[in-house]
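These are my notebook entries on a structure that I am reading for the first time. I put down what I looked up, in the order in which I looked.

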4 protein chains.
Amino acid sequence: MNQRLSTDRRVGETVDVRPTPRGRKRDPSRDAAILEAALDVLAEVGASGITMDLVAERAGAGKGTIYRRWPSKAELIVDAVAYLVRNQVDVEHLPDTGSLRGDLLGLFKPDAMVESTRLLNVMRAFASLLADDHALADAGSAAIVGPWADAHLLFMQRAVARGEVSASADIGTVSQILPSMAAYRTLIQQKPFTEEFMLSIMDGVIMPALGIYAAIAPTKSTGV
Amino acid sequence: MNQRLSTDRRVGETVDVRPTPRGRKRDPSRDAAILEAALDVLAEVGASGITMDLVAERAGAGKGTIYRRWPSKAELIVDAVAYLVRNQVDVEHLPDTGSLRGDLLGLFKPDAMVESTRLLNVMRAFASLLADDHALADAGSAAIVGPWADAHLLFMQRAVARGEVSASADIGTVSQILPSMAAYRTLIQQKPFTEEFMLSIMDGVIMPALGIYAAIAPTKSTGV
Amino acid sequence: MNQRLSTDRRVGETVDVRPTPRGRKRDPSRDAAILEAALDVLAEVGASGITMDLVAERAGAGKGTIYRRWPSKAELIVDAVAYLVRNQVDVEHLPDTGSLRGDLLGLFKPDAMVESTRLLNVMRAFASLLADDHALADAGSAAIVGPWADAHLLFMQRAVARGEVSASADIGTVSQILPSMAAYRTLIQQKPFTEEFMLSIMDGVIMPALGIYAAIAPTKSTGV
Amino acid sequence: MNQRLSTDRRVGETVDVRPTPRGRKRDPSRDAAILEAALDVLAEVGASGITMDLVAERAGAGKGTIYRRWPSKAELIVDAVAYLVRNQVDVEHLPDTGSLRGDLLGLFKPDAMVESTRLLNVMRAFASLLADDHALADAGSAAIVGPWADAHLLFMQRAVARGEVSASADIGTVSQILPSMAAYRTLIQQKPFTEEFMLSIMDGVIMPALGIYAAIAPTKSTGV
DNA sequence: GCCTAACCGAGACGGTACGTCCGGTCTTTTT
DNA sequence: AAAAAGACCGGACGTACCGTCTCGGTTAGGC
């Protein structure tokens, strides 16, 4: 969590009361090395096999160096997942295809995101930790599902603005459907997040719920 | 998983090659005692605090007796959850209220299901284990969400039959929305499954997706 | 210990109040089978490796059958050792060679007694149990060393009678030297009971202590 | 056995190839604490009652710390006994009383050696373990009996030098009589090592075997 | 020729110690 | 002062084994 904590620094204050740091400075390269090592180990031995000693050895770091940065194994893994997702998803530049369906389809790149064993194993460990540690559940879950839900909401707000969707639709709720079902399928059911599944939700639920009955042939049910 | 194994018996074969079991029989009362003890311990000390010694002591059983039945702590807890759900849900007699919305509302009794600390803690442990053990994920998840999804599907088939819902609606997919989102909210997000949340999904997603725009005032978005 | 217990029967009483035993009789062949199995297992896996289940399996017996006869593993092994020694040593017919030294030498047959791995392993287990179980120490030890000490004493009494040894010699103590040192060497030191060692004791201790300085060249010290 | 291993260091070699040890050093105080705890537990609960968890708790140590030093319970106890004997016996300054009998009598202080429950229980455990573990038997046994036998031999060599004992006597063998019979009596027979027993051996065996018939009234036989 | 008690082999049971592993902390040396 | 290495405490894991018990089946008397 040091990343977050490090952003807590209030800049621009008149006086910084903290004394000048003495002695050797923290080596910033260790953070990334440890996070990468954690992700590697997760992908190799799985959620139940990960060990702090293993991570330390892989990172070429001492356990003290890890515990100076993260207070527990759980928080290290949460940060590692956040680190992974940060580098994976790019919610910043959202292309405008002109239709809601096109926008949503453009958001997901199944190849990069889902088929990676690395990402899948990380997700499993993540779910495991959330269930173990009540305090992390909310923050951790939001860090993963949040960005996608935000993007969905933005797309739907655009669709309302251009008249594609009625203003009375509950887009706040609908925007959460696909992200949370994708998370459930990946984390709990351990099934791959296929395009077929995505299209079922899209055309069987989201489009009808928003009153969009385009000239699209309805897809079959996935039969989960 | 011994329950499942017992169903492996092939009946009706000409010759049963298995020899008569010799020695003392397994005491079936130990199964229930151990499962109950596991659920008790889970509810008391939580998912991360459960211990085989604790379960054994609570059950008045030796550890050998537990490990003779389940090969690991993970599988014991999965069976304990299945045992709990079996005794908790009663999907057998489904009242017919005449409308899909009424049927679905009648299915959920939030008090019994959600407010129970026992059930909630059990679910947390369950999610933790599913993420650990790939092989258990599918079966375990299905055992929990499955019955509810089946009930939803049945209600929607009735609604189609009575003309309330169009035959072209993808009820196979829609029937999974609420169960899986409820599971996600409970297991991963650790948030309570409130009536407000349920109504958001119901009136903001399911009803519109099935083309039912009744004279019901739409509820506010939950803002997850 | 059933052998000993069975001799507890008081015969000659006026009335035997014990009712006629009903039901199936104990199968006497099981006693020997179990004792032999115990000795086999001891010789194969050693003192620390012996297990009641192993003995039962080897004997083709149930554990209940064993525990009906002996109250504990310790007592079974003590009896097994006694059984072995009973069949091994024949203190009954003691040949009279005319000289004490000849009598004593004739008593020991190193080949049969000492080089047997079976006997050695049994002895190790025996020592282990004696040290564990205070109550067995005296009886067990006497059962092994006793017969030899008795034979030694008898030979020395003969020697006193024929004038070979002075009547003032403490033959009660001297007769215990060789048996107990042999036991110590075998049980504790785990060294073989060689003829060389025996002759050292004989000619370096026993003969001089009894005042017999025959025309025998003194052997070298063993240098334990 | 780490004590012994530490003596394996070859000194005087041109180059010491072993690199500087890195990381935290082993805490030498833990060795003593664990050995003392083992001896305490032995004296309190006996040989069959000792437990590694008990030793760890008593020493305030983790089990890992114990198993990092000794590979098994057996070897820990052997080392504990060696540690006890090292601190118990003081064979260094042997008083010269002028007569062999006086020297030998002066060596034994029955109070310190025998009446101590602590020492006795330790010895029982020791015998039990020796019988279990062949590899330990010789070294362990020598560590206990050795020092006493050495002292006896020294006394007898003095006696030969001063003409009290004939040069042809096999003092190498005779010097082992009392130590090994004392060990046998204590370890196997579990009987106390009384002064009466000692005098029987002394005056009934050792003195006559060495040709010393002093003006001492012969004691009665012990009748083991 | 049954009836019934005690036997038998097999193996499940409660309890407990084993030796291993790992989370989080502390110590030593080097940078 | 931070870093790498690794020892340290505490405690859970899954295995093994003791002595007891239960199961179905066998072997005797006694009726």
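I began with the contacts of chain A, taking contact to mean heavy atoms within 4.5 Å. Among the contacts in chain A with a separation of 6 or more, 68% are between residues 24 or more positions apart. I note here that this is a predicted model, in which local features need pLDDT of at least 70 and side-chain atom pairs count only at pLDDT 80 or more, while totals for chains, interfaces and linings use all residues. Residues are numbered from 1 along each chain as its sequence is written, chains are lettered from A and ligands numbered from 1 in the order in which they are written, and side-chain values use heavy atoms, with hydrogens and water left out.

**Chain A as a whole**

I looked up the secondary structure next, where helices (H or I, at least four residues) and strands (E, at least two) are DSSP runs numbered from the N terminus. Chain A has 11 helices and zero strands. Of the 224 residues in chain A, 47% are buried, and I use buried for under 20% relative accessible area, exposed for over 50% and partly exposed for what is in between, with a 1.4 Å probe and protein chains only.

I then looked up Arg58(A), which lies in helix α3 (residues 52-59) of chain A. With a relative accessible area of 40%, Arg58(A) is partly exposed. Apart from neighbours within four places in sequence, Arg58(A) is in contact with Ala37(A), Asp40(A), Val41(A) and Glu44(A). The C-alpha atoms of Arg58(A) and Met156(A) are 44 Å apart, and the two residues are separated by 98 positions along the chain.

Arg158(A) belongs to helix α9 (residues 134-161) of chain A. Not counting residues up to four places away in sequence, Arg158(A) touches Leu94(A), Pro95(A), Asp96(A) and Asp103(A).

Which residues of helix α6 (residues 100-107) of chain C are buried? I found Leu100(C), Arg101(C), Asp103(C), Leu104(C) and Leu107(C). Seen down the axis of α6(C), these buried residues fall within an arc of 160 degrees, so they line one face of the helix; the arc is that of the directions from the helix axis to the C-beta atoms.

Asp103(D) counts as buried, at 2% relative accessibility. The side chains of Asp103(D) and Arg158(D) are joined by a polar contact of 3.3 Å, a polar contact being a pair of N or O atoms within 3.5 Å; within protein, one must be able to donate a hydrogen and the other to accept it, and residues adjacent in sequence count only if both atoms are side-chain atoms. Leaving aside neighbours within four places in sequence, the contacts of Asp103(D) include Phe155(D), Arg158(D) and Arg162(D).

**DNA strand E**

Of the 46 residues around DNA strand E, Thr65(B), Arg68(B), Thr65(C), Arg68(C) and Tyr67(D) come nearest. Sugar or phosphate holds 67% of the atoms of DNA strand E within 4 Å of the protein, and the rest belong to bases. I found a phosphate oxygen of DNA strand E 2.9 Å from an N or O atom in the side chain of Tyr67(A), and a base nitrogen 2.8 Å from an N or O atom in the side chain of Lys63(D). The surface near DNA strand E has eight nonpolar, 12 polar and 26 charged residues, where Ala, Val, Leu, Ile, Met, Phe, Trp, Tyr, Cys and Pro count as nonpolar, Asp, Glu, Lys and Arg as charged, and the others, Gly among them, as polar.

**DNA strand F**

Around DNA strand F there are 49 residues, and Thr65(A), Arg68(A), Tyr67(B), Thr65(D) and Arg69(D) come nearest. Sugar and phosphate make up 70% of the atoms of DNA strand F that come within 4 Å of the protein. A polar side-chain atom of Lys63(C) lies 2.9 Å from a base oxygen of DNA strand F.

Technical notes: A residue is near a molecule or strand if one of its heavy atoms lies within 4 Å of it.
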